[in-house]
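Me: I have a chain open here and want to talk through its layout. Can we start with how burial is counted, then go on from there?

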Amino acid sequence: MTNPTDINTMDEGASQPSPISRMIKIGLCAVLYLGGLFTMIGAQQGAFEHLEGWQEASLGLGSALVILVITLLWVKTFNISAKSDEPIAPSTKKSQRVLIMSMAFGGIMALLFYVSTISSGFDMSETHMFSNSPLPPILGIGSAALYVVGMIYACYHWQKSADEHERAAITAGLLGSFYFYSIAGPAWWMLQRAGAVPVQDPMVMYIIVLTVFSAIWTYKRGE
């Protein structure tokens with residue numbers, strides 16, 4: 001049965017969309033999300049300094065808007081926006097809490113990097129998150145510890161609170177993203193050695209794999 005708050009429900013009065021239609025919509029959202037995120041990362045690293053000021057600002061704001069809209073649509077799959085008079089299953093409530101805690105951990109990590117940026121005189125090239133430049137020991141160790149604790153907490157409680165349908169969606173996402181990485185990771189590595197593509201960045205690949213997982217999970221959860 002289709003989840004009424006699935007990311008693909010665009011028209012409330014429309015009939016249930018076909019699997020192909022849902023797959024295309026979710027895939028398009030995933031591509032747009034990655035495009036917006038990598039555009040923002042590129043802007044942060046000065047890749048668009050050759051553009052006019054208003055052009056660079058428009059590109060950044062447009063990318064941020066795309067990311068925000070898709071994120072809000074994805075969050076709706078957790079039924080967080082459900083009406084107060086509608087019953088919510090205990091497993092859904094637990095999933096909501098896990099999502100909120102995960103977002104809180106992410107916000108704290110972003111705050112740590114922001115504070116470090118202020119202390120370094122707003123030198124974004126040294127402390128922004130999407131970079132391979134050295135980090136201050138306190139920031140590097142603290143953010144790594146926070147990430148490990150947050151991920152263990154989120155993964156354990158998400159799996160624990162999941163019902164049979166949710167576990168099936170998680171399993172599909174894990175398998176699909178693992179297969180994707182098994183193909184894309186080595187292929188990228190071989191192509192970079194041939195000079196055909198840029199050097200593979202582990203965090204870029206991580207974001208792509210995580211997006212693949214989210215797309216498959218969203219599709220399966222809405223069935």
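Reply: Buried means under 20% relative accessible area, exposed means over 50%, and partly exposed is what falls in between. Note that this is a predicted model.

Me: OK. Are Trp158 and Trp217 buried or exposed?

Reply: Trp158 and Trp217 are both buried.

Me: And what share of the chain is buried?

Reply: Of the 223 residues in the chain, 29% are buried.

Me: How many helices and strands are there?

Reply: There are 7 helices and 0 strands. Along the sequence the pattern reads α-α-α-α-α-α-α.

Me: Back to rings. How many aromatic pairs?

Reply: The count is 3 aromatic pairs. In one of them, the ring centres of Trp158 and Trp217 lie 5.7 Å apart with the planes at 70°; over 60 degrees counts as edge-to-face, so this pair is edge-to-face.

Me: Where do those two sit in the chain?

Reply: Trp158 is in helix α5 and Trp217 is in helix α7, 59 residues apart, so the pair links distant parts of the chain.

Me: What about Phe178 and Tyr179?

Reply: The ring centres of Phe178 and Tyr179 are 6.2 Å apart and their planes are at 55°, so that pair is tilted.

Me: Which residues form a cluster through ring pairs?

Reply: Trp158, Phe213 and Trp217 are linked into a cluster by ring pairs.

Me: Switching to the surface. Which residues make up the nonpolar patch?

Reply: The patch consists of Tyr147, Val148, Met151, Ile152, Met203, Tyr206 and Leu210, and together they have about 630 Å² of accessible area.

Me: Which helix gives the most to it?

Reply: Helix α5 gives the most, with 4 residues. Both α5 (137–161) and α7 (202–221) supply at least two residues each.

Me: Why does Leu210 count as partly exposed?

Reply: Leu210, found in helix α7, has 40% relative accessibility, so Leu210 counts as partly exposed.

Me: And the surface of the whole chain?

Reply: The accessible surface comes to about 14100 Å², and 71% of that belongs to carbon and sulfur atoms.

Me: Last topic, Met23. Where does it lie?

Reply: Met23 lies in helix α1, residues 19–44. Met23 has a relative accessible area of 48% and is partly exposed.

Me: How far apart are Met23 and Tyr219?

Reply: In sequence, Met23 and Tyr219 are 196 residues apart; in space, the distance is 6.8 Å, C-alpha to C-alpha.

Me: What share of contacts joins residues at least 24 apart?

Reply: The share is 64%, among contacts between residues at least 6 apart in sequence.

Key
Residues are numbered from 1 along each chain as its sequence is written. This is a predicted model: local features need pLDDT of at least 70, side-chain atom pairs count only at pLDDT 80 or more; totals for chains, interfaces and linings use all residues. Side-chain values use heavy atoms; hydrogens and water are left out. Patches are made of residues with over 30% relative accessible area and no salt bridge: like charges are joined within 9 Å, nonpolar side chains (Val, Leu, Ile, Met, Phe, Trp, Tyr) within 5 Å. Accessible areas come from the Shrake-Rupley method with a 1.4 Å probe; for residues, only the protein chains shown count as cover. A salt bridge is a side-chain nitrogen of Lys or Arg within 4 Å of a carboxyl oxygen of Asp or Glu. Buried means under 20% relative accessible area, exposed over 50%, partly exposed in between (1.4 Å probe, protein chains only). Rings of Phe, Tyr and Trp (its six-membered ring) pair if their centres lie within 6.5 Å; planes under 30 degrees apart count as stacked, over 60 as edge-to-face and the rest as tilted. Contact means heavy atoms within 4.5 Å.
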